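Colleague: I have the model open and would like to go through the side chains with you. Could you take me around it slowly?

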Amino acid sequence: MKNQEFDFKGFTLNGFVMLFAIVAALVISGLLLGFGIEYENAFKIVTGCVLLLAAIVAMCGFIMIEPNEARVMLFFGKYHGTFKKVGYSWVNPFYSVKKLSLRARNIDAEPIKVNDKQGNPVMIGMVLVWKLKDTYKAMFEIDAQTMASNAASVGVNVNSMMRAFENFVKIQGDAALRQMAGQYAYDNTDNKDELTLRSGGDEINEVLKSELEERLTMAGIEVVEARINYLAYAPEIAAVMLRRQQADAIIAAREKIVEGAVSMVKMALDKLAEDGVIELDDDKKAAMISNLMVVLCGDDTAQPVVNTGTLNM
């Protein structure tokens with residue numbers, strides 16, 4: 001989409017120079033009115049009144065802009081550009097000025113309940129950092145006036161305008177978070193290579209950022225950063241899912257223990273045969289393997305039994 005924002009090209013003056021000129025005009029108009037009334041000179045009275053009125057009107061043209069602020073300039077409803085020059089300036093007082101902030105803002109969204117890909121209810125929250133990038137879209141593509149809590153102050157108070165955009169970002173952020181969470185399972189999928197909310201990390205955050213950018217670009221808003229900062233099962237299934245995770249962890253641990261025990265038993269048998277310590281038939285090997293597996297895989301400490309008899313070969 002074509003960028004319709006452009007820099008303000010209208011006539012501007014240094015604010016301090018214009019301030020000096022207005023003060024001078026007020027002094028001169030006062031002198032003209034004084035002398036005109038005293039000497040009953042109509043020309044001086046009219047000139048003084050015109051000069052006084054012009055000075056009063058000119059007072060409305062001062063603009064002070066801080067770094068990362070902007071003013072959208074409108075002339076009787078027509079967009080005439082965005083003024084971003086930092087400092088104290090003077091412009092045509094008949095311009096309508098809308099104040100905007102280009103600074104980064106963050107939103108710590110409260111966790112919301114959504115259903116993941118498997119239908120499990122989960123609680124998910126995010127942190128979002130955003131800022132205005134295109135002032136034309138921000139002002140004219142969305143209705144910021146009705147979004148503001150106090151529509152009368154929009155354009156006069158930059159905070160009111162930015163709170164209006166913040167409300168828009170919150171609503172779209174909630175929708176994007178729900179859309180993204182519904183595409184992935186929370187955890188424990190049959191496919192271990194499948195991306196999940198819990199294990200996705202930076203990849204999931206990039207998907208979330210992409211969803212947000214798609215929704216906020218229309219408002220001229222840039223997503224600086226978006227990441228999940230809260231993720232948990234919903235309270236109604238949290239206990240059940242915790243037991244499931246514990247069972248999975250126990251099974252995984254048991255598999256590792258059995259794998260290690262088999263390796264140790266094989267090593268013991270190979271070492272005995274290699275060193276010629278003792279020769280065991282199949283029955284004795286089976287008994288030894290059984291005893292070693294019980295010792296190595298058991299949860300409790302094994303109690304050894306000392307055989308004081310003879311071992312018949």
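Colleague: Let's begin with K84: how accessible is K84, and what does K84 count as?

Modeller: This is a predicted model, and in it K84 has a relative accessibility of 34%, so K84 counts as partly exposed.

Colleague: And which side chain does K84 meet in a salt bridge?

Modeller: The partner is E5, and the N to O distance in this salt bridge is 3.1 Å. The two residues come from distant parts of the chain, since K84 sits in the loop between β4 and β5 while E5 sits in the segment before β1, 79 residues apart.

Colleague: Is E5 buried or exposed?

Modeller: E5 counts as buried because its relative accessibility is 16%, and the cut-off for buried is under 20%.

Colleague: How many salt bridges are there in the whole structure?

Modeller: A search of the whole structure gives 6 salt bridges. Among them is one between the side chains of E69 and R71, at 3.5 Å from N to O. E69 is buried, with a relative accessible area of 11%, and R71 also counts as buried, at 6% relative accessibility.

Colleague: What about R227, which residue does R227 meet?

Modeller: R227 meets E225 in a salt bridge with an N to O distance of 2.6 Å. Here R227 counts as partly exposed at 34% relative accessibility, and E225 is partly exposed too, with a relative accessible area of 35%.

Colleague: Changing topic to the rings: how many aromatic pairs does a search of the whole structure find?

Modeller: The search finds 11 aromatic pairs. One of them is F8 with F83, whose ring centres are 5.7 Å apart and whose planes stand at 75 degrees, so this pair is edge-to-face. This pair also joins distant parts of the chain, because F8 is in the segment before β1 and F83 is in strand β4, which covers residues 78-83, so that 75 residues separate them.

Colleague: Are those two buried or exposed?

Modeller: F8 and F83 are both buried. They also belong to a cluster, in which ring pairs link F8, F75, F76, F83 and Y95.

Colleague: And what kind of pair do F62 and Y88 form?

Modeller: F62 and Y88 form a stacked aromatic pair, with 5.4 Å from centre to centre and 5 degrees between the planes. F62 lies in strand β2 (residues 62-65) and Y88 in strand β5 (residues 87-91), so the pair ties together parts of the chain that are 26 residues apart in sequence. As for accessibility, Y88 counts as partly exposed, at 25%.

Colleague: Now the surface, please: which residues make the nonpolar patch?

Modeller: The nonpolar surface patch is made by F16, L19, V23, V27, L31, F35 and Y39, and its area is about 710 Å². Of these residues, F16 is placed in helix α1, which runs over residues 15-39. F16 counts as exposed because its relative accessibility is 57%, and the cut-off for exposed is over 50%.

Colleague: Which residues form the negative patch, then?

Modeller: The negative surface patch is formed by D202, E203, E206 and E213. D202 is found in helix α7, which covers residues 202-216, and at 64% relative accessibility D202 counts as exposed.

Key. Residues numbered from 1 in each chain as written. Predicted model: local features only at pLDDT ≥ 70, side-chain atom pairs only at ≥ 80, totals over all residues. Heavy atoms only, no water. Patch = residues over 30% accessible without salt bridge, like charges linked within 9 Å, V, L, I, M, F, W, Y side chains within 5 Å. Areas by Shrake-Rupley, 256 points an atom, 1.4 Å probe, with all protein chains shown as cover. Salt bridge = Lys/Arg side-chain N within 4 Å of Asp/Glu carboxyl O. Lys, Arg positive; Asp, Glu negative; His and termini not counted. Charge placed at Lys NZ, Arg CZ, Asp CG, Glu CD. Helix = DSSP H or I, 4+ residues; strand = E, 2+ residues; numbered from the N terminus. Buried < 20%, exposed > 50% of the residue type's maximum accessible area, 1.4 Å probe, protein only. Phe/Tyr/Trp six-rings, centres within 6.5 Å; stacked < 30°, edge-to-face > 60°.
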